[in-house]
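Let's walk through this model together, one region at a time. Have the sequence and the 3D view open side by side.

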Amino acid sequence: MRTLPRAKVIVSLAITAVLVTACVISTTTKRVTIDPNGPAQRVITPLKVHLRDGGVIVFPGGAMISESTVDGTGQRHDVARVPGPAETAISIARDSVFAFETYDRKVNPARTVVYSAAGLAAAAATVVVGSVIIFGSCPTIYGDSAGVRVLQAEAFSNSIAPLLAGRDLDRMTVAPDAAGRIRLDVQNEALE
């Protein structure tokens, strides 16, 4: 038996759908090489420095490439790619560098819009289908519990979602009032 009011569940599904589709950002990442004999520059993206002896230094936070040295916090790997000590401050002569490698990530606005729209459409369809499957078919029966409507049952739910509602038998937990009467409110709430 369901205990959340329909409106709260529908609103929750809708908010979740919007938040999920709002997270879609389409990017393209490509490898960028930097000329080892090029000008001095500050690299702010992760940088991989290939050394003439076959080793590699990885600078996760980028590095400063000056005219004579490469300086930053990184980790050196030998020719067999066995890592050295954990990240430390490293300064290496620029003439021992064979190549620089970094990656550039760019947002693709057109794909982002298309993917977001497709995600929003799928989320809207999920909310519509979910509201039908979750809420079953009408009528919905509420019981009066000390003046407050409490969801008790959804009659005929087996007719719309047999896998989720194995049988049309709902236990109602509403208790009789002092006069021994049980008050039920039968509503037609589904969009059918």
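A salt bridge here is a side-chain nitrogen of Lys or Arg within 4 Å of a carboxyl oxygen of Asp or Glu. Keep that in mind, as we'll come back to it. This is a predicted model, so local features need pLDDT of at least 70 and side-chain atom pairs count only at pLDDT 80 or more, while totals for chains, interfaces and linings use all residues. Residues are numbered from 1 along each chain as its sequence is written, and side-chain values use heavy atoms, with hydrogens and water left out.

Start with the overall layout. The protein chain has two helices and 11 strands, where helices (H or I, at least four residues) and strands (E, at least two) are DSSP runs numbered from the N terminus. Reading from that end, the elements go α-β-β-β-β-β-β-β-β-α-β-β-β. Of the 192 residues in the protein chain, 27% are buried; buried means under 20% relative accessible area, exposed means over 50%, and partly exposed is in between (1.4 Å probe, protein chains only). The accessible surface comes to about 12,300 Å², with 63% of it belonging to carbon and sulfur atoms; these areas come from the Shrake-Rupley method with a 1.4 Å probe. As for contacts (heavy atoms within 4.5 Å), take those in the protein chain between residues at least 6 apart in sequence: 54% of them join residues at least 24 apart.

Now look inside. A nonpolar core is a set of buried Ala, Val, Leu, Ile, Met, Phe, Trp, Tyr and Cys residues joined through side-chain atoms within 4.5 Å. The largest one has 14 residues, and the members that touch the most other members are Leu47, Val49, Ile57, Phe59, Val70 and Phe100. Strands E3 (47-51), E4 (56-59), E5 (63-65), E7 (88-93) and E8 (97-107) each give two or more residues to this core, and E3 supplies the largest share, with three.

Then move over to Thr88, which is found in strand E7. Is Thr88 buried or partly exposed? With a relative accessible area of 38%, Thr88 is partly exposed. Setting aside neighbours within four places in sequence, Thr88 is in contact with Gly72, Thr73 and Gly74. Thr88 and Phe59 sit 29 residues apart in sequence, and their C-alpha atoms are 9.6 Å apart in space.

Back to those salt bridges: the count comes to five. One of them pairs Glu101 with Arg31, the closest N and O atoms being 3.9 Å apart. This pair links distant parts of the chain, with Glu101 in strand E8 and Arg31 in strand E1 (residues 27-34), 70 residues apart. Glu101 counts as buried at 10% relative accessibility, whereas Arg31 counts as exposed at 52%.

Another salt bridge joins Asp53 to Arg76, and here the closest N and O atoms are 3.0 Å apart. Asp53 lies in the loop between E3 and E4 and Arg76 in strand E6 (residues 69-77), so the pair ties together parts that are 23 residues apart in sequence. Asp53 is exposed at 52% relative accessibility, while Arg76 is partly exposed at 36%. Asp104 also forms a salt bridge, with Lys106, where the closest N and O atoms are 3.6 Å apart. Asp104 counts as partly exposed, at 27% relative accessibility.

Most residues other than glycine have a negative phi. Arg81 has a positive phi of about 65° although it is not a glycine. Its relative accessibility is 45%, so Arg81 counts as partly exposed.

Finish with the sheet in the order E10-E9-E11, which is open, has three strands and pairs them antiparallel. Two strands pair if DSSP finds at least two bridges between them. Strands E10 (148-154) and E11 (184-187) stand at the edges with a single partner strand each, so one side of each has no neighbour in the sheet. Strand E9 (residues 140-145) is joined to E11 by four bridges, and the bridge partner of Tyr142 in E11 is Asp185.
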